[in-house]
Amino acid sequence: MADFKGTREAFAQAIIDMAETDDKIMFVSPDSLKAMRATKFAELHPEQYVEVGISEQAAVDVASGLAASGLTPFVGTYAGFMTMRACEQMRTFVAYPNLNVKFVGINSGLLGGEREGVTHQFYEDIGILSNIPNFTILTPADGPQTYHAVKAAAKIPGPVYVRAGSGRENDVYEKDVPFTMDGIRILREYGDDTLLLSSGFVLDRVLKAADILKENGVHVTVGDVNIINAKDPSKVLEAIKKAKKIVTVEDHNVHGGLGAYISKLVVENDPKPVKRMGLTTFGESGLAGVLADHYGFSAENIADVVKNNL
């Protein structure tokens, strides 16, 4: 594994590494080669790179044809341009025939965006795709996990969406930690006052909140939920059943993402209070960390919400 920083470079390095031994790996670019940090991939594997220009719908259509021919295409671009402009194609020409196309959406959430404002920060992508059958949705928490998530996506049958960011995410995991297909990884077990669940690039803030809470006598368990609407949620259910209360934290609209997923599991299997932290409005332009603090994702505010919810 070569050195990389951030989720975009992690994606590029993963497909480079896979293409060294697998000539079925393809990258389909809707004028996103540089945005996806995949220039080196195109140089090393020109026959496995397809450029369609600024046309996300065409990229998905091309990828569906490649998948129908037995190849493993990745389409990578900005999350909203993909899941909104090409939503019909992702639904009808990939998900409906259950084709083996992989999607990587960058600039997801406030922490995934950076100074571009509402046109280039996306917090509806999971909600859109969670309503489409056959999609597997992976939400890695940092660059190292994105690298392993992309490689895992290549092995998962059918359409897969990997949520990525700006490339400025804070790393939480060591590079050799695999992407768990259990759908959850428990990272702190301080106690059972609250099950504090995170998804995506807010994980470092959630872990800091857990430490703040511990110092104040509140002992929580922190779980990184890295698959939304997992086909086998048994490990997530194990964590839910041990909890007294649950707080979910996601850099996504409160509808259709982590909070909705956990609430569904709780209602159907083990009813108990669930508090959802997420976006309820559009974001603004600004530095990612400042925006995240402004919209309630500071470690201190997360800790306050957990305490007030007890």
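**Strands, helices and loops**

Author: Gladly, and we can start with T248, which is buried, with a relative accessible area of 0%. Please keep in mind throughout that this is a predicted model.

Reader: Which strand does T248 lie in?

Author: T248 belongs to strand β11, which covers residues 246–253.

Reader: And which residues is T248 in contact with, leaving aside its neighbours within four places in sequence?

Author: With those neighbours set aside, T248 is in contact with L197, L258, G259 and I262, and also with V274, K275, R276 and M277.

Reader: Let's switch to β9. How many of its residues are buried?

Author: Strand β9 spans residues 220–224, and five of its five residues are buried, so the strand is mostly covered. V220, V222 and D224 point one way from β9, while T221 and G223 point the other way, and all are buried.

Reader: Which strands are joined to β9 by bridges, and do they run parallel or antiparallel to it?

Author: Strand β7 (residues 185–189) is joined to β9 by four bridges, and these two run antiparallel; in that pairing, E189 stands opposite T221. Strand β8 (residues 194–199) is joined to β9 by five bridges, and here the two strands run parallel. L196 has V222 in β9 as its bridge partner.

Reader: What does the chain pass through from β8 to β9?

Author: The chain crosses from β8 through helix α9, residues 203–215, to β9, and this β-α-β crossover is right-handed.

Reader: Now some helix packing. At what angle do α1 and α8 pack?

Author: Helix α1 (residues 6–19) and helix α8 (residues 143–155) pack at an angle of about 40°, and their axes are 8 Å apart. The two helices are therefore oblique to each other, and α1 passes α8 in a right-handed crossing. The contact involves, among others, G6, A10, F11 and A14 of α1, together with T146, Y147 and V150 of α8.

Reader: What about α10 and α11, at roughly what angle do they cross?

Author: The axes of helix α10 (residues 234–242) and helix α11 (residues 258–269) cross at roughly 70° and come within 11 Å. That angle makes α10 roughly perpendicular to α11, and their crossing is right-handed. On the α10 side the contact is made by V236, L237 and I240, and on the α11 side by Y261, I262, L265, V266 and N269.

Reader: Changing topic: is V290 buried or exposed?

Author: V290 counts as exposed, because its relative accessibility is 55% and the cut-off for exposed is over 50%. The residue sits in helix α12, which covers residues 288–294.

Reader: How far apart are V290 and L110 in sequence and in space?

Author: V290 and L110 are 180 residues apart in sequence, while in space they are 9.4 Å apart, C-alpha to C-alpha.

Reader: One last thing, backbone angles. What is the phi of D31, and where does D31 lie?

Author: D31 has a positive phi of about 60°, although it is not a glycine, and it lies in the loop between β1 (25–29) and α2 (39–44). For context, most residues other than glycine have a negative phi.

Reader: And N134, what are its phi and its accessibility?

Author: N134 also is not a glycine and has a positive phi, of about 80°. N134 lies in the loop between α7 (125–129) and β5 (136–138), and at 35% relative accessibility it counts as partly exposed.

Key. Residues are numbered from 1 along each chain as its sequence is written. This is a predicted model: local features need pLDDT of at least 70, side-chain atom pairs count only at pLDDT 80 or more; totals for chains, interfaces and linings use all residues. Side-chain values use heavy atoms; hydrogens and water are left out. Buried means under 20% relative accessible area, exposed over 50%, partly exposed in between (1.4 Å probe, protein chains only). Contact means heavy atoms within 4.5 Å. Two strands pair if DSSP finds at least two bridges between them. A crossover is right-handed if, with the strands pointing away from the viewer, the path from the first strand over the helix to the second runs clockwise. Axes are lines fitted to C-alpha atoms, for helices over the stretch in contact, and angles run from 0 to 180 degrees between N-to-C directions. Angles under 35 degrees count as roughly parallel, over 145 as roughly antiparallel, 65 to 115 as roughly perpendicular and the rest as oblique. A crossing is left-handed if the near helix is turned anticlockwise from the far one by less than a right angle, and right-handed if clockwise.
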